[in-house]
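Please walk through the fold below, one element at a time.

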Amino acid sequence: MVEGWFNAFREFGGPTWYGDHRTPVVIDFTITQIAVIFSVFLTTFLIIFPGVRRRKWASFLSTVQTLLIGASILIAHFHPSWHQADVEVFSSYRSFSSERVLGMLGIHIGLSCANITLQGSTEKNSHEFMNYNERIYFTDVKTMHRNLLDSLHKGLPYPIITVIEYLAADKAGFIWGRAYRLAGYYTDFLLWISFSLWCLLVLMICALPRYFSRMLASTGCCLCTANVVYAVSCPKSLSIPFPTSSEQHARIVFYFGWCFWLILATGTADVRRTSNS
């Protein structure tokens with residue numbers, strides 16, 4: 001075969017191959033879009049703010065708080081950080097293999113999905129850093145089983161598959177996935193009601209400002225109710241054991257994520273401002 005100018009990195013005349021380079025998802029584009037949209041609204045208000053003459057600072061605080069409420073509701077709805085946990089693991093990398101992985105396993109559960117991350121390296125390739133970021137959905141039982149089959153087909157590391165197995169189990173007393181689905185369903189329902197009240201709140205601040213405090217109180221009460229429903233409905237006994245580098249077992253203990261506290265702080269601030277006014 002005649003060598004030419006364009007034969008570099010080619011094998012047997014095929015297309016150029018530079019190797020496999022996989023990268024994890026590092027940016028949630030949905031959250032980024034929400035942040036950009038509300039930032040545009042806030043920037044627009046700041047541009048016209050010097051022209052406000054009557055009740056200038058009251059209008060500023062009301063508008064900024066209204067935008068923060070809407071952004072908080074949408075971000076908490078889409079971002080999987082309502083219930084989360086992380087632990088350092090030293091377990092098998094794949095089934096039927098003696099290779100072990102040492103890394104940090106993280107679980108971030110939202111209202112309709114969960115993110116499972118694994119960062120670390122294996123014993124044989126300690127210089128190569130792995131960074132897995134897998135998202136699974138639990139809208140129904142079939143979706144959970146489909147996620148488990150997909151993870152097995154993709155050959156994901158054993159710690160990630162173990163977490164998916166715990167969430168996919170729906171028999172006897174193993175109903176953690178069902179509890180997360182119910183908690184997410186009812187909390188999501190209340191969040192959308194809160195978002196509807198927020199839309200009315202925007203109309204009130206523009207057309208009927210005297211009803212602003214009433215709608216603000218209704219939105220805050222609905223957000224606090226969503227927090228109570230999620231805290232009561234989410235599973236309390238989920239604890240997944242994993243071996244560690246010290247030849248002991250560490251258990252993943254879940255705690256409320258920043259989305260839970262964001263909604264709680266937003267709802268409490270709305271109710272407190274209404275009571276003070």
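Which residues are buried in helix 3? They are T143, M144, N147, L148 and S151, where buried means under 20% relative accessible area, exposed means over 50%, and partly exposed lies in between (1.4 Å probe, protein chains only). These residues cover an arc of only 145° around the axis, which puts them on the same side of helix 3; the arc is that of the directions from the helix axis to the C-beta atoms. On the face turned away from the buried side, helix 3 carries the exposed residues K142 and H153.

This is a predicted model, in which local features need pLDDT of at least 70 and side-chain atom pairs count only at pLDDT 80 or more, while totals for chains, interfaces and linings use all residues. Residues are numbered from 1 along each chain as its sequence is written, and side-chain values use heavy atoms, with hydrogens and water left out. Helices (H or I, at least four residues) and strands (E, at least two) are DSSP runs, numbered from the N terminus.

Helix 3 spans residues 141-154. Its 14 residues reach 20 Å from the first C-alpha to the last, close to the 20 Å expected at 1.5 Å a residue; the expected span is 1.5 Å times one less than the number of residues. Just after helix 3, G155 takes a positive phi of about 70°. The cover over the buried residues of helix 3 includes strand 4, helix 4 (158-168) and helix 5 (176-207), with contact meaning heavy atoms within 4.5 Å.

Helix 4 is itself largely enclosed by the rest of the structure, because 8 of its 11 residues are buried. Among them are P159, I160 and L167.

Next come the strands. Strand 2 (residues 100-109) pairs with strand 3 in the antiparallel sense over 9 bridges, and two strands pair if DSSP finds at least two bridges between them. A hairpin of 3 residues joins strand 2 to strand 3. The bridge partner of M104 in strand 3 is Q119. Strand 3 also pairs with strand 4 (residues 130-137), again antiparallel, over 8 bridges; here A114 stands opposite I136 of strand 4. Strand 3 (residues 113-122) is mostly covered, with 9 of its 10 residues buried.

Now the cysteines. A disulfide is a covalent bond between the sulfur atoms of two cysteines. Searching the whole structure for cysteine sulfur pairs within 2.5 Å finds 0 disulfides. The sulfur of C113 lies 10.0 Å from the closest cysteine sulfur, in C259, which is too far for a bond. C113 is buried, at a relative accessible area of 5%, whereas C199 counts as partly exposed at 33%.

An unreviewed UniProt entry annotates residues 25-48, 60-80, 189-208 and 252-271 as "transmembrane region"; positions follow the numbering used here, feature names are shortened, and annotations may be inferred rather than shown by experiment. Over residues 60-80 the chain is 90% helix and 0% strand, with end C-alpha atoms 31 Å apart. Residues 189-208 are 95% helix and 0% strand, and their end C-alpha atoms are 27 Å apart.

Buried residues make up 41% of its 277 residues. Among contacts between residues at least 6 apart in sequence, 63% join residues at least 24 apart.
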